[in-house]
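Here's a quick briefing to read with the structure open beside you.

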Amino acid sequence: MKKLSLLIVFVLGITAVHGQDFLKKSKVSGSFQMDGNYYWEDKGIGITKEDINGEEFGAYGFGKLQYELGNFSAGFRFEAYQTTPMSGFDSRVKGMGIANYFATYDNGTIGVTVGDIYDQFGNGLVFRTYEEWTLGFDNSLRGIRAIYRPWNGVTLKGVYGKQRYYWAGYGEDVPTSEERGLVRGVDGEWDLNSSIASLNNSKFRATLGASFVSKYEPDTKLTVGEEQLIMPQNVASYAGRMNLGYGRFSFSTEYARKINDPSTFNNYIYNDGQELLASLAYSQKGLGMVLQVKRVDNMSFKSKRLATQNDLDLGFIPPLNYTHTHSLPSMFSYATQPLGEMGIQFQVNYTIPKKTALGGKYGTKLAFNYSQVNDIKRDSINVNGVNMLNQPGTKGYTSPFFAVSDHMFYRDLNFEIEKKISAKWHLTLMYINLYYDMETIENHPGAEAVKADFAFGEVIYKINRNNSIRLELQHMWDNVGPNETIEEGHEAYYTKRGNWFAFLLEYTIAPKWFVSVADKYNYGNPIADNRDHYVTGSFGYIKDQTRIAISGGRQSEGLVCVGGVCRTVPASSGLSLTITTSF
Amino acid sequence: MKKLFAFLLFGFMFFGLSAQNKSDLPNITLKNLDGESVNIAELNNDGKPFVMTFWATWCGPCVKEHNALSDVYDDWVEETGVKIFSVSIDDARSTAKIKPFVDGKGWPFEILLDVNKDLARAMNVSNPPHTFLFNGEGKIVWQHTGYLDGGEEDLYQEILKISK
């Protein structure tokens, strides 16, 4: 805090000296978003007064203001989350105040930021702080960051601080439940092409990087079950990466390792964590292909060993699967499994050129994607003559690096054709085949996996320059039929099972107005009571950078996922209003 | 302390709003698809207008907007000399995929990678797509959030207004 006051005094000093100049060089900007919800009882989808619990209104908003003067910038964000049981946010998100503030000075060679920092090292495997408003997720680091760029192409970075933990204070006097560790990290990156003159215009491109991150928590003893375990005070992690390119080919990889880090999340096992990520890509105009693989083993890395869910994540595990945005497949989004997964993805994008038989006047865009994620293989270990698997206080298991478990978490094969047929008509078709291990992804012990096919079609008809109609049709064929026998106690696993049909009809007047009506109908649900329509209507207005949207109707239960991090949203019925703007 | 900080910023705001001659391009460095660093403050189009548009591979309307812009881009460049800088806010999961994705779609824009959303934050972009039109001096003359079919025409009208 003292540092911050000093900085402000310093800036005021500069201001006084430069006087008139200051007025000309400064810039103020900001943004604002407000989401309001009103929920009502809807017995049709099982929403009772008790579920709403008297909290019909939910409101979430932020206002951000920032100031720039030459190399100096500063800003803050005020947040208010009035969560309700229906909103699906973690109840700890509730609160209001200045959640984030920062001041930065950066002259191109040296940069210093104090306050709340968002940054990442490499792909973020050992350090990534970011914010996702829709998830109520923010793991920013409050502290200091220094950046030094000694030569062209070389960047050195250091960070030090404590992560945001909902609305917990940052001092020494926070309650034990809100304590979390100190985080220290350094990162270096070297772009060879920028720093070596002879490589400046070379077809060969290379960037190398390395990072080291450590967290410190003072307590060392923890009782788990009947055993007292000694916890490491410092947990170090490190990663190395390289990006290579030659002409149309590129290869990038990052490997990270973390030393023993027993935590609630990994059931207090002491083995090291490791993660490998690699991508090989080829691209030329009209054709792009990429193959990616990864292996994650015990890589949940948090600045508090007792943290659960997505709390206080320090490392980020990039999911490799395709992100579905259509309403039916997006009900089955994959959530990353930090304790262990092996994934592969292959994607091709190809445009059939214009003015060919198949390409037509405008060309035809094709996309193919295959991704699969399995568990890693774990073998039991021998502790004092007893074979054990994943027992607290032990190294947990051994896992051969290249062995894949038969247990599949997720598989997705999809194919998309997109075609502008004429100046008036535009068509998109998509087929998806999905395997979704509900037991693991949604933590429903004993739930049957989803094996489903989806078809999606979209037609846009442009009436004239500004007016368009868009019709979207979707169908999902689930392996669970309407006559499925349901085990007692498993009813909750079937809220979105069985066949679905969905449509959306939208009318837009560019660039300002849009109105739409949509329905999702779970007609094939094995539980007759669940065969519900989810009808929604939306209306919106956009003027420049301001957007106002109102929607009303039923929301089905689902996962809202951004970058593999998900939030469960319960089914609800009501009205919502969203306003965003910036200046 | 926080209050003081907020108060000072509000103070700055009034000064700031009273006279803004600075270019609207923040002092932030991003990478392009070849891994080269690009300083945003130095972006320009030789005194001609340019467009900066924020998108992500997972954002349907963004991809639609890019496809639409891609269809008309050659004509626009010929008529007005405009240039489009396209800023991807995809996170690390997609960094390796962007080049094949963009090439596969045949988009002709200069792509910048805002993996950490530094530029999106500095430009106050909350949700993509968000499109800015800059004049030759780097001042924002028009911006728009969201994309509705045909919306590129309105952008073009704005470009025509400021190109000589």
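B:K117 sits in the loop between β5 (110–113) and α4 of chain B, and its phi is positive, about 55 degrees, although it isn't a glycine. Keep in mind that this is a predicted model.

- A:N443 is another non-glycine residue with a positive phi, near 55 degrees.
- You'll find A:N443 in the loop between α5 (438–441) and β24 (450–462) of chain A.
- Is A:N443 buried or exposed? A:N443 is exposed, since 10 other C-beta atoms lie within 10 Å and the exposed class takes 12 or fewer.
- Chain A has a cis peptide bond between A:A510 and A:P511, with omega at about -5 degrees.
- A:P511 belongs to the loop that links β26 (500–509) and β27 (513–521) of chain A.
- In chain B, the bond from B:P128 to B:P129 is cis, with omega near -5 degrees.
- B:P129 lies in the loop between α4 (118–122) and β6 (130–134) of chain B.

**Chain A overall**

- Chain A is built with five helices and 32 strands.
- Its radius of gyration is 26 Å, close to the 25 Å from the globule rule for 583 residues, so chain A is as compact as a globular protein of that length.
- Along the principal axes, the C-alpha trace of chain A spans about 75 × 65 × 60 Å.
- Of the 583 residues in chain A, 38% are buried.
- Looking at contacts in chain A with a separation of 6 or more, 58% come from residues 24 or more positions apart.
- A:Y67 is in strand β2 (residues 57–69) of chain A, and A:Y67 is buried, with 24 other C-beta atoms within 10 Å.
- A:Y67 and A:G153 are 86 residues apart along the chain, and their C-alpha atoms are separated by 28 Å.

**Where the chains meet**

- How many residues of chain A are in contact with chain B? There are 79 of them, and they touch 53 residues of chain B.
- Strand β1 (residues 26–39) of chain A gives the most to chain A's side, with seven residues.
- By type, the residues on chain A's side split into 28 nonpolar, 36 polar and 15 charged.

**Nonpolar cores**

- The largest nonpolar core has 75 residues, and those touching the most other members are A:V126, B:V51, B:M52, B:F85, B:V87, B:L119 and B:L133.
- Strand β3 (residues 50–55) of chain B supplies the largest share of this core, five residues.
- A second, separate core has 20 residues, including A:M331, A:M476, A:W500 and A:A502.
- Which residues does B:V87 touch, leaving out those up to four places away in sequence? They are B:M52, B:T53, B:F54, B:L112, B:D114 and B:L119.

**The chain B sheet**

- Chain B has an open sheet of seven strands with mixed pairing, in the order β2-β1-β5-β4-β3-β6-β7.
- β2 (37–39) and β7 (140–145) of chain B stand at the edges with a single partner strand each, so one side of each has no neighbour in the sheet.
- From one strand to the next, the twist averages 30 degrees.
- Strand β1 (residues 29–32) of chain B pairs with β2(B) in the antiparallel sense over three bridges, and B:T29 stands opposite B:N39 in β2(B).

**Helices of chain B**

- Helix α5 (residues 151–162) of chain B lies across β3, β6 and β7 of chain B, and runs at about 15 degrees to β6(B).
- Why is helix α3 (residues 95–105) of chain B described as largely enclosed by the rest of the structure? Eleven of its eleven residues are buried.
- Among those buried residues of α3(B) are B:K97, B:K99, B:D103 and B:K105, along with B:I98, B:F101 and B:V102.
- Just after α3(B), B:G106 takes a positive phi of about 75 degrees.

Key
Residues are numbered from 1 along each chain as its sequence is written. Chains are lettered from A and ligands numbered from 1 in the order in which they are written. This is a predicted model: local features need pLDDT of at least 70, side-chain atom pairs count only at pLDDT 80 or more; totals for chains, interfaces and linings use all residues. Helices (H or I, at least four residues) and strands (E, at least two) are DSSP runs, numbered from the N terminus. Two residues are in contact if their C-beta atoms, placed from the backbone, lie within 7 Å. Ala, Val, Leu, Ile, Met, Phe, Trp, Tyr, Cys and Pro count as nonpolar, Asp, Glu, Lys and Arg as charged, and the others, Gly among them, as polar. A nonpolar core is a set of buried Ala, Val, Leu, Ile, Met, Phe, Trp, Tyr and Cys residues joined through C-beta atoms within 7 Å. The radius of gyration is taken over C-alpha atoms; the globule rule is 2.2 Å times the number of residues to the power 0.38. Two strands pair if DSSP finds at least two bridges between them. Axes are lines fitted to C-alpha atoms, for helices over the stretch in contact, and angles run from 0 to 180 degrees between N-to-C directions.
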